[in-house]
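Student: Hi! Could you walk me through this one with me? I have some quick questions.
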Amino acid sequence: RVLGTLGGCVVVLALSTVATPAMLFVAFLFAVAVSHAFLTRRYWLAAIASTVMALLQSHALDPATGFAIAERAGDTVVGAAFAWGFSYLLPSWERDALPAVVRATGVALGDYTASVLRPSETPDNVAQRLARNRAHEALGALAGIMQRTAVEPRRVRVSEDALSVLLDHGRRLMADA
């Protein structure tokens with residue numbers, strides 16, 4: 001996050017020396033697209049683009065104030081330091097959320113199974129499609145826990161074997177139903 005923000009500040013600094021207002025507008029639109037497109041794929045790139053977007057947007061609102069590069073970089077460094085510090089003081093481990101997510105997954109899979117086994121109340125199967133969507137979301141939440149726990153300290157990690165079995169069975173159910 002910090003490196004992405006600093007990278008975005010460098011991009012805006014470079015743009016500020018050569019860009020016309022029209023070029024800044026095009027750069028803003030490009031930054032909006034990149035920040036949203038890469039948020040879940042390449043976070044560092046999304047952080048650079050988000051910084052460019054934020055700095056160009058604030059500049060567009062009041063060009064007389066210039067670019068708030070120092071403020072943006074400083075805020076990000078201070079915020080990251082707070083987040084890092086509090087992650088040691090008040091950690092939030094995935095194992096704490098696991099029981100509720102497993103229960104919700106079981107309920108969602110059960111609701112979907114029941115909707116498949118009972119006759120449709122409407123010709124377009126809205127209830128069944130909604131139940132299927134909730135089941136997929138619940139399995140996605142479980143997969144997210146499995147992914148995030150991989151970076152936690154070994155002593156607090158959730159058992160990946162047990163989660164893998166549950167995910168496998170849930171996905172097989174969804175494929176068969």
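Student: Is Ser115 buried or exposed?
Tutor: Ser115 counts as buried, because its relative accessibility is 6%; buried means under 20% relative accessible area, exposed over 50%, and partly exposed in between, with a 1.4 Å probe and protein chains only. Keep in mind that this is a predicted model, where local features need pLDDT of at least 70, side-chain atom pairs count only at pLDDT 80 or more, and totals for chains, interfaces and linings use all residues. Residues are numbered from 1 along each chain as its sequence is written, and side-chain values use heavy atoms, with hydrogens and water left out.

Student: Thanks! Where is Ser115 placed?
Tutor: Ser115 belongs to helix 5, residues 94-117. Helices here are DSSP runs of H or I with at least four residues, strands are runs of E with at least two, and both are numbered from the N terminus.

Student: What is Ser115 in contact with, leaving aside its neighbours within four places in sequence?
Tutor: Gln128 and Ala131, where contact means heavy atoms within 4.5 Å.

Student: And which backbone oxygen lies 2.7 Å from a polar atom of the Ser115 side chain?
Tutor: That oxygen belongs to Tyr112.

Student: Switching topic: what is the volume of the largest pocket?
Tutor: About 180 Å³. A pocket is an open set of points on a 1 Å grid over the protein atoms alone, where a 1.4 Å probe fits, with protein on both sides within 12 Å along at least five of seven lines; lining residues have an atom within 4 Å of a point.

Student: Which residues line the largest pocket?
Tutor: The lining is made by Pro21, Leu24, Phe25, Phe28, Leu56, Gln57, His59, Ala60 and Pro63. Helix 2 (21-37) and helix 3 (43-61) are the elements that give two or more residues to that lining.

Student: How about the whole chain, how many helices and strands does the chain have?
Tutor: There are 7 helices and 0 strands.

Student: What radius of gyration does the chain have?
Tutor: The chain has 23 Å, whereas a compact globule of 177 residues would have a value near 16 Å. The radius is taken over C-alpha atoms, and the globule rule is 2.2 Å times the number of residues to the power 0.38. Along the principal axes, the C-alpha atoms fill a box of roughly 65 × 50 × 20 Å.

Student: Last one: what percentage of the 177 residues of the chain count as buried?
Tutor: 28% of the residues count as buried.

How values were computed
Polar contact = N/O pair within 3.5 Å; in protein donor to acceptor, adjacent residues only side chain to side chain. Points joined across faces, edges and corners; volume = space filled by probe spheres on them.
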